[in-house]
Amino acid sequence: MTVDQLNQEKFLTNISSRLGRERRSGVKPPIWKNKPYLHLYEGKTNEDLIEQFIDNLQLLNTNVDRITRQEFEVTLAKVLKDFEVNSAISWDNPFLHDLDLTSLLTTNGVENSIWNNSVSEDELKQRSAKVDLGITCADLGLAETGTVVFMNGEGRGRMVSLLPPFYLCILKESQIVPRITQAMEHIHAKVPTGLPACINFITGPSRTADIEMDLALGVHGPGKVHVILLRE
Amino acid sequence: MTLNSIDFDQRVDKALADPILKQAVPFAQDKLRNGRNTAADQLGNIEEWRELAAEIRKHTIDNLDSYLEELVTNVRKSGGFVHFAEKDSDAVDIIKKIAKDKEAKTIIKSKSMVTEEIHLNKHLEAEGLKVVESDLGEYIIQLANETPSHLIAPAIHKTRQQVSALFSEVAGRKLSDETTELCAFARETLREEFLQADIGISGCNFAVAESGSVVLVSNEGNARLTTTLPKVHIAVMGLERIVPTWNELDIMISMLTRSATGQKISVYVTGINSARQSGDLDGPEEFHLVILDNGRSNILGTAYQEALNCIRCGACLNVCPVYRHVGGHAYGGVYSGPIGAVLMPLLEGYDDWKELPHASSLCGACTEVCPVKIPLHDLLIEHRKDEVDQGYAPLPEKMAFKGFGYINSHPALYDKTVKLSSTGLGVLAKDGYITKGPGMLGGWTDIRDLPQPKKQSFREWWAKERKE
Ligand code: SF4
C-alpha cells in the first residue's frame, strides 16, 4: 500500500469505527419515496413552462426574446445595438453555426472570435477578457428558476459565459424542462459514460449584496444577460 | 485560539456597544429571513422538503465511509489528486506543498468557511504567498483584517463608508460609497488577480460521490473564475460535505439557496468533474481535492451526529434572537449563531467554547427553520448537560434560562424574531410556548419556575447575568 492508500484506509476506518460498525463499501442510495417537487409542475403544459421560464428571467433583469428562426437576424441585430456590442466571442458549435451567427455578427459590425484552436489558448483568454459579449447555446432551460444549463467541453469554453460583461444564451423551446430535477437526471444518466470537466447552471446576471445588503449586478461574472428562445 | 469567559463577555460587550452592528445585523437578518420565508411559502410543502433533505443527509452520514470511498475513487479515475487531512495543520501542509511544487506565487480564493476554519490564508501568507479572497464580502474583510461574521454574508457588519475607505486605500484614490462604484472597482481589481493567479482554492458546497464532482454555489461568479482561470484548482471540503448522486444534489441545492437567501437557485451552480479534458481550451490542468476531518469524525456516533447534516445555509443565524443582538464575531469562532454554538465546542472542546451553548434563548426558531431538520436547540441543551457532567460551572445555565425569560417577556421582540420566522408548522404552540422536542421538555420544567425578568434591555440583562 502507498502512503496515500494507508492514509485513506486510516481515515475511512476511523469513520466506520466512530459509527460503531464495520467498514461499508458500494452503498447506493435508496429510492426516495417522497417527491416534494412533483406538485410544482404536475399538470403544466409546455407553454406554461416556457412562460414560467421567461417570467423568472424577467424578474432577474434578464429579457427573453421568443422568436422564430426567421426572426433571428433582426432580433440579433437589435440585441447587439441595444447592448452596444462591438466585439464578441462565441462557441464553436453546430447549433450556432446553423444560425449563421458569425457572419451575422460581422454584418452587424461586431468583431468576433470563435472558441477553437485556430488561435492560441492564451489568445482565447485575452479575447474573452476583452470583448463586450460572450455567446453560447445551452443543453437545457429550467422553467422553475429561469436557469440555462450546459456542459462545457470542446468548442464550448467556460470563459465565454463568464469573462465578458454581457452574456447571450440561445436555446430552443424544446430544451425547456420543468426544474433542476430533470437536469440532475440528465447529468446522472451521463455519469457512466463520463462527464465533461465542467457543468454550468446559470440563472441571470452575476449579483452580490455584500455591501449593506444592497443588490449590485456584474461584480465578477456578466452583469447583463439576455436569452433568445427559438420557437419550433 | 485560546478563549475564556472574560473574552466571551468582552466580545459580547463590544458587540452590544457597537452602533453599526445594532443596525446592520437586524437589517440583514430580516432581509435574508423574509426571503427564506417567501421561498418556503412558494414551495407550499416546505415540511416535506425538509423531511426528504433530512433523510438524505442522515443516509449519507450513516454511510459516510462508503460514499467517501466512492467519491475519491471517482476523483482519481478522472485524473484528480485526493488528499486526506486529519487535522487542520495537515490540510495546511498539503496545500503548502502543492503551492511549493507548482512554484506558485499568488493564490486566488473563492469563499470557503472550511479554509477559514483552518486559518489557511495566514499560513500561506507566512510562506510568502500572496493570497487574495475574491468573494466581495470576503475581500472586504480580508482588507479589514477581520473574520466573517455570517455564513452567507461575511461582511454584513461593515458599512459602505468603511468599505469605501478600505477600497480607496487599495486604489490609491478616493472612491465614493456608491455600491456600483465599489463593485466596479472590486471587479476590475480582482479580475487582474484572477488572470495572473497560479492556484485557485475553493471550498465545496457538495461533492457528488457517483462522479467524483465538486459542486459550487455562488452568486457573484467568483467561484467559477477561481475554478477556471488558474492552472491548478484545489478544493477543500469537510468530510461530511457529500451527496450520493446528482439526484440527491437536486434536493440539497433546492433547499440550500432557498434557505440561505430565498433564491430559488443561486446565479451559478457549477459542477467541477475533473481537470480539463482533451479538447478543452480552458480550465485547470490539475485538480486536487483535500478532505478535512479536523474533529468532525468525533461527532459521528454521538448524540450530536445530526450537526454533521448542516449544509451551511445560515438560516438558523437569521432567526436567532441572540445573533440578532450580538452578531457573528461575539461568538468568537469561525461558525457563529446556533450552528456555531453547537459546532465549536464539538470541534474544539468546552475549554474554549463552553459559553456558546448558553448564548441561546432556546426559543427553537433555529430548529424550526433548519432545512435539514437539525434539532439545534436540543443539541444546545445536550451541551449544557454534558458541560455539567464534565464539571464545568453551572453558572451560565442560569444565564441562558433567564435569557429566554428576557425574550419571552418582550412580546414584540419575540414576535419579530420568532413568529415571523415560523412557517406555522409545529414548534410554537398558540400561546407562544415551545412544546416540541424531547430535550426541550427537560429544560423547560426548570425554566418555567424562574421568575420572568422585568422589562430590561438586552444590555441590562447581559450585565446582570454576568454579575450573578
Ligand atoms: S444548522 Fe441548519 S439552518 Fe443552520 S446553517 Fe446548518 S443547515 Fe442551515
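A residue counts as buried under 20% relative accessible area, as exposed over 50%, and as partly exposed in between, with a 1.4 Å probe and protein chains only. By that rule Arg23(A), at 26% relative accessibility, is partly exposed. The model is predicted, so local features need pLDDT of at least 70 and side-chain atom pairs count only at pLDDT 80 or more, while totals for chains, interfaces and linings use all residues. Residues are numbered from 1 along each chain as its sequence is written, chains are lettered from A and ligands numbered from 1 in the order in which they are written, and side-chain values use heavy atoms, with hydrogens and water left out.

**Chain A as a whole**

- Chain A has 7 helices and 12 strands; helices (H or I, at least four residues) and strands (E, at least two) are DSSP runs, numbered from the N terminus.
- The C-alpha trace of chain A spans about 70 × 50 × 45 Å along its principal axes.
- Chain A has 232 residues, and 55% of them count as buried.
- Among the contacts in chain A (heavy atoms within 4.5 Å) with a separation of 6 or more, 76% are between residues 24 or more positions apart.

**Salt bridges**

- A salt bridge is a side-chain nitrogen of Lys or Arg within 4 Å of a carboxyl oxygen of Asp or Glu.
- Over all chains, the whole structure has 35 salt bridges.
- One of them joins the side chains of Arg23(A) and Glu9(A), with N to O at 3.0 Å. Arg23(A) is in the loop between α1 (3–18) and α2 (46–59) of chain A and Glu9(A) is in helix α1, so this pair ties together parts that are 14 residues apart in sequence. Glu9(A) is partly exposed, at 26% relative accessibility.
- Another salt bridge joins the side chains of Arg156(A) and Asp139(A), at 3.1 Å from N to O. Arg156(A) sits in the loop between β6 (147–151) and β7 (166–172) of chain A, and Asp139(A) in the loop between β4 (133–137) and β5 (140–142), 17 residues apart. Both Arg156(A) and Asp139(A) are buried.
- In chain B, the side chains of Glu127(B) and Lys96(B) form a salt bridge with an N to O distance of 3.7 Å. Because Glu127(B) lies in the loop between α7 (120–126) and β3 (130–133) of chain B and Lys96(B) in helix α5 (residues 88–101), the pair ties together parts 31 residues apart in sequence. Glu127(B) is partly exposed, with a relative accessible area of 48%, and Lys96(B) is partly exposed at 22%.
- A network of salt bridges links Glu117(B), Glu240(B), Arg241(B), Arg296(B) and Arg312(B).

**Where chain A meets chain B**

- In the interface, 81 residues of chain A are in contact with 106 residues of chain B.
- The two chains bury about 7700 Å² between them, 56% of it on carbon and sulfur atoms. Buried area is the accessible area (1.4 Å probe) that two parts lose on being put together, summed over both.
- Across the interface of chain A and chain B there are 9 salt bridges. Arg160(B) forms a salt bridge with Glu212(A), and their closest N and O atoms are 3.0 Å apart.
- On the side of chain A that touches chain B, at least two residues each come from α1, α6 (121–130), α7 (180–190), β9 (198–202) and β10 (207–208) of chain A. The largest share, 10 residues, comes from α1(A).

- His150(B) lies in the loop between α8 (136–143) and α9 (160–171) of chain B, and is buried, with a relative accessible area of 3%.
- Not counting residues up to four places away in sequence, His150(B) touches Leu32(B), Ile156(B), Gly314(B), Leu317(B), Asn318(B) and Tyr323(B).
- The side chain of His150(B) makes a polar contact with the side chain of Asn318(B) at 2.7 Å and reaches the backbone nitrogen of Ala153(B) at 3.2 Å.

Terms used: Polar contact = N/O pair within 3.5 Å; in protein donor to acceptor, adjacent residues only side chain to side chain.
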